[in-house]
Amino acid sequence: MTQKHDANPAHSSLDDGDSLLPRPTRRTVLTAGSLALGGAGACTLAVPFLDSLRRTQASSAASTHEQTVMDVSVQDLEPGAHKVVVWQGMPVAIQHRTPEMIRALEDPALLAQLLDPQSRIRQQPREAENTHRSLRPDYGVYVTICTHLGCVPDYQNIASLPASGGFFCPCHGSQFDGAGRVLRNMPAPYNLPVPPLHFVDDHTIRLGESPLSPHYSMNSIQQL
Amino acid sequence: MKDSTPPTGHWLDSRLPFLRPFCQHMARFPMPPVNLLWTIGACLMVAFGLMFVSGLFLSLHYQPDLSLAFDSVEAIERRVPSGWLIRSIHTGGVSLLFAALYIHVGRGLWYGSYKAPREIVWLSGLFLMLLFMTTAFAGYVLPWGQMSYWGATVITHAVEAIPGIGHGLLVYLLGEDTLGGVALHRFFILHFTLGFIIAAIVGLHILCLHGTGSSNPTLDSPHPDRTTRPFAPFYVTKDCLAVCVFLAIFTVLIFFLPGLLSKLDNIIPANPLKTPADITPEWYLAPWFAMLRAIPSRLGGLIAAASSLLVLFLLPWLDRSPRHNATYRPLVRLGMGFFFIAFITLILAGMHGATPLWVWLSRGAMLVWFLTFLVLLPLVAYRERQAAGNAPTQGETP
């Protein structure tokens, strides 16, 4: 136990007492050193604990791949009807449009109400950047996750746009038209995303693959 | 370390008025000249802290459901990032915690730390030991492997030995007729909750200690040393040194010998139709397992195991001699020496098969256990009080 705090006298004589800075005592150095090493140890120990909160690895790679591509039959979907399927844990609304609904999507009165009527913001593959915002005018396919805070908008008649139908988010009242385009002055900032898709045949939609835009995915859009 | 106390007029000082007196008390707490065995308490705090934190992180991934429990533990080992390390800290830590705990209790026995005025320190400490044993047992059930299932089966069926209400109590505790999903969920909640209860009682244990002060191992010697030193920095440094050594052992156990203290049978999912050939408890519960086995009566074994713990609670009143330190009490030194050998014998007996040799060794060890505490200590204490000239028994001045 060193009761004397001062450095040993041999060292002090070398200074000639000129030093302006107070010499750190042996105890100060040891305390600072111990605290630094102990702190480094505690930080190292924290690494595995924080690491364990990362996403758990999937039990097998094959099972995740199966879910990325999904075929949906639209054979029994009457014109004017819609259905919701779950793709990769996300709700995807598929609507079979009547000719009136397709025409309504190009109505100038509707376009004037929309935030992004020309679909300039990348929420869809290039081949869907058109007036009906879909690959084929008669089928609209949208991921119905509100771009505001992630609730699921419902497909329903919206009073201001009776002809095209639309999506209404119950959480904060965002409204989208029949092509998933958000109206002005709504909390949601972007249109509903279009998933990567193509038609395998006339009545089968394959979700998760878009041969025309091979790099398009839910990770490459502006916001889900 | 005076710097650790906030200066006067500190912003916190006026808003948390107890902070400054508390820091001062901790820093200036007068310590008698205690030896290295008094650092085990700090090691226990560190071990418990690691168990608590690793347990919380494991509980984020564990599923207390009959069909998911085993797989969720496998997932922690294989798929949760760093999960194997956290589980290793938890399963290896329990052995080190109990090793330190038994040394801590043994030190209390040898140096008479149970005596007045430290009875509550002793009793709260023993209560903590019981809580740790319960928590460890409940935790061992959770992975729902073969050893978990059959260990839990055997111990819960010990309840059936209680005359009259035994079976009803067993079914009530299990929540259904057999050991199953309801019981597993209860074991999980028990294990989880006890961690917090232990934390609170550790606080009480230390509060009691700080009321009376640490015992002085030199008082009974021919040259008693009554000097005290402030806790900071002298004993902070000493405790830190001991904790470093403790953590070094911990690290070696986790990284280099992960399989040393685990049983292979427990990585087989629980099978209620097949008891493993060799069912042995973890070493830290082995003494009481050996006792259950050494008495040829179910109720008798249960009573013997419970009594072995009960006598420890009665120690402050069984040994009322003013002398503390066994080093300077020849007969107590002999008795305690035999008791420590008996305790180790019981651990070994519990971990070996029920051969006649180990059963008889356990019986001998139990005899030593009870003779030391129920006969030797009261007699020696009586003679020492006579020798002290009928002077009234008084605790050392704190």
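**What covers a helix**

Guide: Let's begin in chain B: the cover over the buried residues of α12(B) includes α6, α7, α11 (286-294) and α14 (356-387) of chain B. Keep in mind that this is a predicted model.

Visitor: Which residues of α12(B) are buried?

Guide: They are Gly301(B), Leu302(B), Ala305(B), Leu312(B) and Leu315(B). To be called buried, a residue needs 20 or more other C-beta atoms within 10 Å of its own.

Visitor: How do you know that the length of α12(B) agrees with what 21 residues should span?

Guide: Helix α12 covers residues 298-318 of chain B, and at 1.5 Å a residue it should span 30 Å. The end C-alpha atoms of α12(B) are 28 Å apart, so the two values agree.

Visitor: Where does α12(B) bend?

Guide: At Leu312(B), by about 35 degrees, and a proline, Pro316(B), follows within four residues. Leu312(B) is also one of the buried residues of this helix.

Visitor: Which residues of α7(B) are buried, and what do they pack against?

Guide: The buried ones are Gln146(B), Met147(B), Ser148(B), Tyr149(B), Trp150(B), Gly151(B) and Ala152(B). They pack against α6 of chain B.

Visitor: What makes up the two domains of chain B?

Guide: The domain assignment gives domain 1 (34-279) and domain 2 (280-398). Their centres, taken over C-alpha atoms, are separated by 22 Å. The contact takes 34 residues from domain 1 of chain B and 25 residues from domain 2 of chain B. On the domain 1 side, α5, α6 (119-141) and α7 (146-158) of chain B each supply at least two residues, and α6(B) gives the largest share, nine residues. By class, that side has 21 nonpolar, nine polar and four charged residues.

Visitor: And how many residues of chain B are in contact with chain A?

Guide: 12 residues of chain B are in contact with 10 residues of chain A. On the chain B side, α3 (40-59), α5 (83-110) and α10 (231-256) each give two or more residues, with the largest share, three residues, coming from α5(B). That side of chain B has nine nonpolar, two polar and one charged residues.

**Over to chain A**

Visitor: Where is the "transmembrane region" in chain A, and how much of that stretch is helix?

Guide: UniProt, in an unreviewed entry, places that feature at residues 29-50 of chain A. In the model that stretch is 100% helix and 0% strand, with end C-alpha atoms 31 Å apart. Chain A as a whole has five helices and nine strands, and 26% of its 224 residues count as buried.

Visitor: Why is Arg126(A) called exposed?

Guide: Arg126(A) has 12 other C-beta atoms within 10 Å. Exposed means 12 or fewer, so Arg126(A) qualifies. Arg126(A) lies in the loop between α5 (108-111) and β4 (139-143) of chain A.

Terms used:
Residues numbered from 1 in each chain as written. Chains lettered and ligands numbered in written order. Predicted model: local features only at pLDDT ≥ 70, side-chain atom pairs only at ≥ 80, totals over all residues. Contact = placed C-beta atoms within 7 Å. Nonpolar A, V, L, I, M, F, W, Y, C, P; charged D, E, K, R; others polar. Domains from an automatic or database assignment. UniProt positions renumbered as here; feature names shortened; annotations may be inferred. Expected span 1.5 Å × (residues − 1). Bend = angle between axes of the 7 residues up to and from the residue.
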